[in-house]
Amino acid sequence: MKDLLISITKGLVDDPDKVSVDVSEPNEEGVTVYHLHVAEDDMGRVIGKQGRIAKAIRVVMRAAATRNDAKISVEID
């Protein structure tokens, strides 16, 4: 899951070396939170106009998690 998020994000940004993901332990509801970190200049590219790209990334990640019977959330930091 972490590799999927990194590969999606690296395709969007100008500085792929600054892309990193931290994974939190599942909370009491069983949701694992993925914290995505990118360079400050690439934040707009990852979020997109009105958050459309961020929403699309979250949809793809949730779909992949559903195939693995997991619950995830993606936060862009």
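A residue counts as buried when its relative accessible area is under 20%. The views below come from a predicted model.

**View 1. Thr 9 in helix H1.** Helix H1 spans residues 2–10 and includes Thr 9. Thr 9 has a relative accessibility of 0% and therefore counts as buried. A polar atom of the Thr 9 side chain lies 2.8 Å from the backbone oxygen of Leu 5. Not counting residues up to four places away in sequence, Thr 9 touches Val 19, Leu 36, Val 38 and Val 46.

**View 2. Ile 47 in helix H2.** Ile 47 belongs to helix H2, which covers residues 43–47. Its relative accessibility is 34%, so Ile 47 counts as partly exposed. With residues up to four places away in sequence not counted, the residues that Ile 47 touches are Arg 52, Ile 53, Ala 54 and Ile 76. Between Ile 47 and Ile 76 the C-alpha to C-alpha distance is 8.1 Å, and the two are 29 residues apart in sequence.

**View 3. The open sheet of three strands.** The strand order is E1-E2-E3, with mixed pairing. Strands E1 (20–23) and E3 (71–76) stand at the edges; each has a single partner strand, so one side of each is left without a neighbour in the sheet. On average, neighbouring strands of this sheet are turned by 25° against each other, direction ignored.

**View 4. Pairing of strands E1 and E2.** E1 and strand E2 (residues 31–37) run antiparallel and are joined by four bridges. Val 21 has Leu 36 in E2 as its bridge partner. Leu 36 is also one of the residues that Thr 9 touches.

How values were computed: Residues are numbered from 1 along each chain as its sequence is written. This is a predicted model: local features need pLDDT of at least 70, side-chain atom pairs count only at pLDDT 80 or more; totals for chains, interfaces and linings use all residues. Side-chain values use heavy atoms; hydrogens and water are left out. Helices (H or I, at least four residues) and strands (E, at least two) are DSSP runs, numbered from the N terminus. Buried means under 20% relative accessible area, exposed over 50%, partly exposed in between (1.4 Å probe, protein chains only). A polar contact is a pair of N or O atoms within 3.5 Å; within protein, one must be able to donate a hydrogen and the other to accept it, and residues adjacent in sequence count only if both atoms are side-chain atoms. Contact means heavy atoms within 4.5 Å. Two strands pair if DSSP finds at least two bridges between them. Axes are lines fitted to C-alpha atoms, for helices over the stretch in contact, and angles run from 0 to 180 degrees between N-to-C directions.
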